[in-house]
Amino acid sequence: MHACAPFYHDERWRALLLSCFTNALNVADVQGAKSVAVPLLGAGARGAPFAEVATVAAQAMYEWKGRGALREARFAVQDDEVAEAVATAMDAVLHVVDEPCTDDGDASSARAPMRSSRRRSMFD
């Protein structure tokens, strides 16, 4: 599935972007997905700061949780700076539980670098 984000300078940007994320979650659920990868729609080419996009994405997930079968969402990020912006947004909006894990998903092991292995409970 694909979503096209609005331009950042549109006065309706936040509402439109929230709708993009919400509609993508709805489509994933209708398709029977249990997990999704979430890109930061509109960040970069559309001019939106990563932190603001992450906040809107986290808000969409928070408002959507419990509606369907989705149980996991992973943000697709390109570097540690963006990963930190996502983590900050999630902490602020979702009040999530942060669990250390390794690439094999074992939450009991030591924390690895955030970019590749920070796991957060979003839909529980």
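The side chains of Arg14 and Glu52 form a salt bridge, with N and O 3.9 Å apart. A salt bridge here is a side-chain nitrogen of Lys or Arg within 4 Å of a carboxyl oxygen of Asp or Glu. This pair joins distant parts of the chain: Arg14 lies in helix α1, Glu52 in helix α2 (residues 50–64), and 38 residues separate them. Helices are DSSP runs (H or I, at least four residues), numbered from the N terminus.

The model is predicted: local features need pLDDT of at least 70, side-chain atom pairs count only at pLDDT 80 or more, and totals for chains, interfaces and linings use all residues. Residues are numbered from 1 along each chain as its sequence is written, and side-chain values use heavy atoms, leaving out hydrogens and water.

Arg14 is partly exposed, at 38% relative accessible area. Glu52 is partly exposed too, at 27%. Buried means under 20% relative accessible area, exposed over 50%, and partly exposed in between (1.4 Å probe, protein chains only).

The structure holds three salt bridges. One of them pairs Asp10 with Arg12 (3.2 Å, N to O). Asp10 is partly exposed, with a relative accessible area of 28%. Another joins Arg74 to Glu72 (3.2 Å, N to O). Arg74 is partly exposed at 43%, and Glu72 is partly exposed at 28%.

Now look at how the helices meet. α1 and α2 pack at an angle of about 50 degrees, and their axes are 9 Å apart. Axes are lines fitted to C-alpha atoms, for helices over the stretch in contact; angles run from 0 to 180 degrees between N-to-C directions. The angle makes α1 oblique to α2. Angles under 35 degrees count as roughly parallel, over 145 as roughly antiparallel, 65 to 115 as roughly perpendicular, and the rest as oblique.

Which residues make the contact? On α1 they include Trp13, Leu17 and Phe21; on α2 they include Val53, Ala60 and Trp64. Contact means heavy atoms within 4.5 Å. By class, the contact has 11 nonpolar, four polar and four charged residues. Ala, Val, Leu, Ile, Met, Phe, Trp, Tyr, Cys and Pro count as nonpolar, Asp, Glu, Lys and Arg as charged, and the others, Gly among them, as polar.

Finally, take Thr22. Thr22 sits in helix α1 (residues 13–30). Is Thr22 buried or exposed? Thr22 is buried, with a relative accessible area of 16%. Leaving aside residues up to four places away in sequence, Thr22 touches Ala60, Trp64 and Arg67.

Terms used: Helix = DSSP H or I, 4+ residues; strand = E, 2+ residues; numbered from the N terminus.
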